[in-house]
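Here is a short report on one protein chain. Look at the sequence and the model first, then read on.

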Amino acid sequence: MGEVSRGARALVVCPDIRGFAYDLDAESRLQEAEGLALAIGIEIEASFVLPIREVRPNLLFGAGQVDNIRIACEQNEAELVVVDGALSPIQQRNLEEKLTRKVIDRTGLILEIFGERAATAEGRLQVELAHLDYQQSRLVRSWTHLERQRGGFGFLGGPGETQIEADRRMIRQRMGRLRKELEQVRKTRGLHRERRERAPWPVVALVGYTNAGKSTLFNNLTGAEVMAEDLLFATLDPTMRAISLPGVEKAILSDTVGFISDLPTQLVAAFRATLEEVTAADVICHVRDISNPSAEAQKAQVLNVLTDLGVIEGEGGGSTIPILEVWNKWDLLGEEQAAELRAVAEASDEIVKLSALSGEGIDEFVETLGQMLTAKASVRQFDLPASDGRRIAWLHAHGDVLEENDAGEGEEGPIRRFVVRLNPKELGQFETL
């Protein structure tokens with residue numbers, strides 16, 4: 001991507017447009033913008049909220065405000081201006097000319113982070129597609145490096161083609177190829193999911209606002225070493241590990257990309273495939289940073305994404321998959337706030353409180369998760385020939401065998417009677433053996 005260099009000295013500006021319905025208040029948005037900048041290694045020299053009474057189509061800000069930004073850049077020796085909002089290509093170009101500095105908006109900044117963090121082939125494809133979609137309308141930068149990025153095959157253009165036309169055509173061609181590759185990835189992912197659905201193991205998906213502590217919880221439960229730093233979007237690609245829970249010999253735990261307010265539309269589309277893992281889960285654990293002052297607004301953002309994915313049905317509709325709220329970072333609460341929230345948590349079967357970092361409350365969480373996964377289990381009796389080693393071994397491996405006794409003789413020899421607790425998924429699997 002290369003838009004922003006690590007260690008760049010930056011000014012972070014959060015526009016607060018009058019009458020615009022924001023998800024978070026101005027100070028929370030400014031704090032989140034600072035977090036995004038820090039996540040890409042930018043050094044923040046100064047940051048502030050700028051109220052905007054009327055949006056200027058050519059600059060977004062008023063002329064006086066642009067002068068103030070320029071003066072602040074000079075005073076703080078900032079070489080980059082981060083605007084926490086969406087800039088049109090014209091606004092971005094005009095601001096760069098007026099400020100004589102590089103300007104990047106929220107979408108560009110998040111794309112930079114995603115470009116740096118994507119670890120899998122699919123993640124890189126999704127990021128590049130989103131980045132090209134973003135860049136094709138803003139050919140104010142030189143895109144002549146694209147032919148190197150795509151391996152150098154093909155020509156830049158015919159003799160009468162301008163550089164911008166050539167770049168646009170190149171971007172469209174590259175996007176077409178990326179979409180085909182992603183479609184293939186989605187098909188492969190779908191086949192893997194079908195295979196998992198046929199397997200008897202339930203899937204638990206961790207979802208939540210970015211920086212809520214999902215990866216720390218994931219590492220605590222699995223002993224894995226997923227990147228878990230105090231950074232926005234510390235993890236990007238979904239990670240899966242097997243875990244053992246009470247009453248469940250094996251379950252698959254999936255850690256997904258963190259959500260964020262006003263996620264750019266290019267990225268919502270690009271990362272839908274990643275988030276589709278959530279729709280195949282048996283239980284969703286919504287991990288929340290309960291110590292964050294914007295915890296309720298963050299919860300609303302996560303629920304909006306789950307609604308978009310069809311997990312939650314419409315306005316005030318119920319969830320098609322059980323959701324367990326995990327109130328993380330409990331150890332960071334003050335006494336008064338903790339007492340108030342404890343009463344709420346203890347009154348609900350769908351809330352557990354814990355600290356993924358210290359381990360406090362993890363045992364209760366694991367117990368609750370096991371109960372949720374076995375809630376629909378039923379006790380069944382099976383009479384099997386003692387010689388049917390495959391199905392007997394399967395029952396011991398996947399079910400909860402409560403009794404095993406001799407049940408006389410049958411046509412195939414001695415019969416063994418099994419009383420086993422199985423959930424519907426396991427029962428369906430056993431019946432196909």
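## Confidence in the model

The chain averages a pLDDT of 82, and 83% of the residues score at least 70. Here pLDDT is the predictor's confidence in each residue, from 0 to 100. This is a predicted model: local features need pLDDT of at least 70, side-chain atom pairs count only at pLDDT 80 or more, and totals for chains, interfaces and linings use all residues. Residues are numbered from 1 along each chain as its sequence is written, and side-chain values use heavy atoms, with hydrogens and water left out.

Over residues 140-160, pLDDT stays under 50. The model has 33 contacts beyond four places in sequence for this stretch. Contact means heavy atoms within 4.5 Å.

## Helix α2

Helices (H or I, at least four residues) and strands (E, at least two) are DSSP runs, numbered from the N terminus. Helix α2 covers residues 63-76, which makes 14 residues. From first C-alpha to last, α2 reaches 20 Å, close to the 20 Å expected at 1.5 Å a residue. The expected span is 1.5 Å times one less than the number of residues.

Which residues of α2 are buried? They are Q65, V66, I69, A72 and C73. These cover an arc of only 120° around the axis, which puts them on the same side of α2. The arc is that of the directions from the helix axis to the C-beta atoms. An α-helix has 3.6 residues a turn, so residues three or four places apart point the same way. On the other side of α2, A63 and Q75 are exposed. Buried means under 20% relative accessible area, exposed over 50%, and partly exposed in between (1.4 Å probe, protein chains only).

The buried residues of α2 pack against β1 (9-17), β2 (43-52), β3 (80-83) and α3 (89-99). Just after α2, E77 takes a positive phi of about 55°.

## Two nonpolar cores

A nonpolar core is a set of buried Ala, Val, Leu, Ile, Met, Phe, Trp, Tyr and Cys residues joined through side-chain atoms within 4.5 Å. The largest one has 40 residues. L109 and I284 have the most contacts inside it. Several elements each supply at least two residues of this core, including β1, α1 (26-39), β3 and α4 (106-117). The largest share, 5 residues, comes from α1.

Leaving aside neighbours within four places in sequence, L109 is in contact with A33, L36, A37, I40, I42, V82 and I104. A second, separate core has 23 residues, among them L245, V248, V352 and L373.

K353 is found in strand β10. K353 is buried, with a relative accessible area of 16%. Beyond four places in sequence, its contacts are W327, W330, R342, A345, E346 and G361.

G359 lies in the loop between β10 (351-353) and α13. G359 is partly exposed, at a relative accessible area of 28%. G359 and N220 are 139 residues apart in sequence, yet 7.6 Å apart in space, C-alpha to C-alpha.

Helix α13 (residues 362-374) has 13 residues. Its buried residues are I362, F365, V366, T368, L369, G370 and L373.

## Strands around β13

Strand β13 (residues 413-422) runs antiparallel to β11 (residues 378-385), and 8 bridges join them. Two strands pair if DSSP finds at least two bridges between them. L384 has R416 as its bridge partner in β13.

Strand β12 (residues 400-410) also pairs with β13 in the antiparallel sense, over 8 bridges. Here E404 partners F418 of β13. β12 and β13 form a hairpin, with 2 residues between them.
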